[in-house]
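Trainee: I would like to go through the labels used for this structure. Can we test them against their cut-offs?

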Amino acid sequence: MKHEENVTYELVPDPTHEQAWNVRLLEGMYNETIIQYGAISFNEDGSDTLSFNFNIIQSPDTELTTEDVDFQEFAGILLEHIIKEAIEANEIEMVERNAN
């Protein structure tokens with residue numbers, strides 16, 4: 001599935017946190033599911049992979065969980081798309097992670 005904002009998904013404000021956004025899925029097998037991404041990082045091991053966590057805010061599929069591997073892959077592809085679009089529109093700030 002090729003993602004497009006306001007077609008396959010939309011960003012919706014989180015009602016509990018004024019600076020957070022949720023993602024409502026508008027098409028496909030996860031239609032009407034709302035997810036919230038948490039911590040996101042780019043792995044520094046040379047693998048060029050993205051690590052993230054996410055929660056399901058609501059879904060019509062009561063069996064859907066964040067442990068579902070297909071859903072994890074879907075969420076990862078969607079997150080990559082959202083980040084790419086934000087970078088291209090200059091709407092995202094990337095910051096170095098503090099080494100502790």
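Trainee: Why does Phe-74 count as buried?
Mentor: Its relative accessibility is 14%. Buried means under 20% relative accessible area, with over 50% exposed and partly exposed in between (1.4 Å probe, protein chains only). So Phe-74 counts as buried. This is a predicted model, where local features need pLDDT of at least 70, side-chain atom pairs count only at pLDDT 80 or more, and totals for chains, interfaces and linings use all residues. Residues are numbered from 1 along each chain as its sequence is written, and side-chain values use heavy atoms, leaving out hydrogens and water.

Trainee: What makes Phe-71 buried?
Mentor: Its relative accessible area is 0%. That is buried.

Trainee: Why is the pair of Phe-71 and Phe-74 called stacked?
Mentor: Rings of Phe, Tyr and Trp (its six-membered ring) pair if their centres lie within 6.5 Å; planes under 30 degrees apart are stacked, over 60 edge-to-face, the rest tilted. Here the centres are 6.4 Å apart and the planes are at 15°, so the pair is stacked. Both residues lie in helix 1, three residues apart, about one helical turn. Helices (H or I, at least four residues) and strands (E, at least two) are DSSP runs, numbered from the N terminus.

Trainee: Why is the pair of Tyr-37 and Phe-54 tilted?
Mentor: Their ring centres are 6.4 Å apart and their planes are at 50°, so the pair is tilted. Tyr-37 is in strand 3 and Phe-54 in strand 4, so the pair ties together parts 17 residues apart in sequence. Tyr-37 and Phe-54 are both buried.

Trainee: Which residues do ring pairs link into a cluster?
Mentor: Tyr-30, Tyr-37, Phe-52, Phe-54, Phe-71 and Phe-74.
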